[in-house]
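This report considers selected helices and a pocket of a predicted model. The sequence and structure are shown first.

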Amino acid sequence: PLAELGARSLDLFPEWIEALLQQGAPDPGFQRTGSLRVARSPAEADALRERGERFRDQGVHWLDAVRARAREPMLNPDVCGGLWVPGEGHVESGPLTRALAHAAAALGVRVEEGCPVVEVLRDGDRVRGVRTPRGDWSADWVVLATGPWAGAGGNGPALPWTPPVAPLRGQLLVLDPPQPVLSGLVSDGAVYLVPRRDGRLLVGATEERVGFECRVTEAAIAELSAAASDLAPPLGRAPLREVRVGLRPATPDGLPLIGPVAGLAGALWAVGHHRNGILLAPLTGRWIADRVAGKTPPDEARAFDPARFG
């Protein structure tokens, strides 16, 4: 269900971004540039064509090698073709987070930074708030969006049930090409490339099971640099501007947990989004808000129900 729900969440972005801007939030740089997923072998080309058939009604279609290179001339000549997805886009995750905080504050939300929740307070089997070093906060609902720290070994508050969420380290590069290399998102099986409006280009990303060790490594820089220059050879001469690292919240089936905390009424999970946290943010927010408002979640939300893990 991830592809279908991801497409639906993506469709919410334009309205969502417009609502943020109307609250005076800074522009998070959302662009719908389209994306090209390229094939480097005949077998990959066959698999991508088959995948594209599922989304033909959204304008997704196959480009042969000549048309793929016409769209992105800097691609490696060995590209066999690519799947063009016109509706895809990208956004700056840091500025988006700041824009959300700004818009929320404009609507009366109080944001407490650097204030960890050390305990979820209960009245029997119902939540009644949270405890922090700055005091107790009462609430009828508590949404646990604790990312990779939600599972065992994390530093989140104790709960009746620990979700199967584990940290998955990701590293990415930020390059400074002297001139534009790509017009939109491009990816293959090894790497994705994201051109920004200011000329920067993102190269991502690794997947490393190293626990909570959040640091950059020379090996990842070398791996990503090689994959980027192999996909788009001019990037081999692009200066390295920055290396970023973070921890993703991974689940055994690759799907997030969005829904009730078992055994604790009024508590909700919004964790385990793996590599799709930004993409699924609007849809996750809507489903969580609907639950708090007493609305029945849609049938498709069952795929993300935490109860699937028992």
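## Helix α5

Helices are DSSP runs of H or I of at least four residues, and strands are runs of E of at least two, numbered from the N terminus. The model is predicted, so that local features need pLDDT of at least 70 and side-chain atom pairs count only at pLDDT 80 or more, while totals for chains, interfaces and linings use all residues. Residues are numbered from 1 along each chain as its sequence is written, and side-chain values use heavy atoms, with hydrogens and water left out.

The buried residues of α5 are A220, L224, A227, A228 and L231. Viewed along the axis of α5, they fall within an arc of 100 degrees and so line one face of the helix; the arc is that of the directions from the helix axis to the C-beta atoms. Their cover includes the strands β1 (35-39), β8 (166-175), β9 (185-187), β10 (192-195) and β11 (201-204), where contact means heavy atoms within 4.5 Å.

## Helix α4

L96, A99 and A103 are the buried residues of α4. Down the helix axis they fall within an arc of 60 degrees, so they line one face. T97 and R98 are exposed on the other side of α4. Among the elements covering the buried residues of α4 are α1 (2-22) and α6 (277-292). Just after α4, G108 takes a positive phi of about 100 degrees.

## Residue L20

L20 belongs to helix α1 and is buried, with a relative accessible area of 6%. Apart from neighbours within four places in sequence, L20 is in contact with A25, L96, A99, L100 and A103. L20 and R37, 17 residues apart in sequence, are separated by 30 Å from C-alpha to C-alpha.

## The second largest pocket

The second largest pocket is lined by 15 residues, with P180, L182, P195, R196 and G199 nearest its centre. Its volume is about 150 Å³.

Conventions. Buried < 20%, exposed > 50% of the residue type's maximum accessible area, 1.4 Å probe, protein only. 1 Å grid on protein atoms, 1.4 Å probe; cavity = no way out; pocket = protein on both sides within 12 Å on 5 of 7 lines; lining within 4 Å. Points joined across faces, edges and corners; volume = space filled by probe spheres on them.
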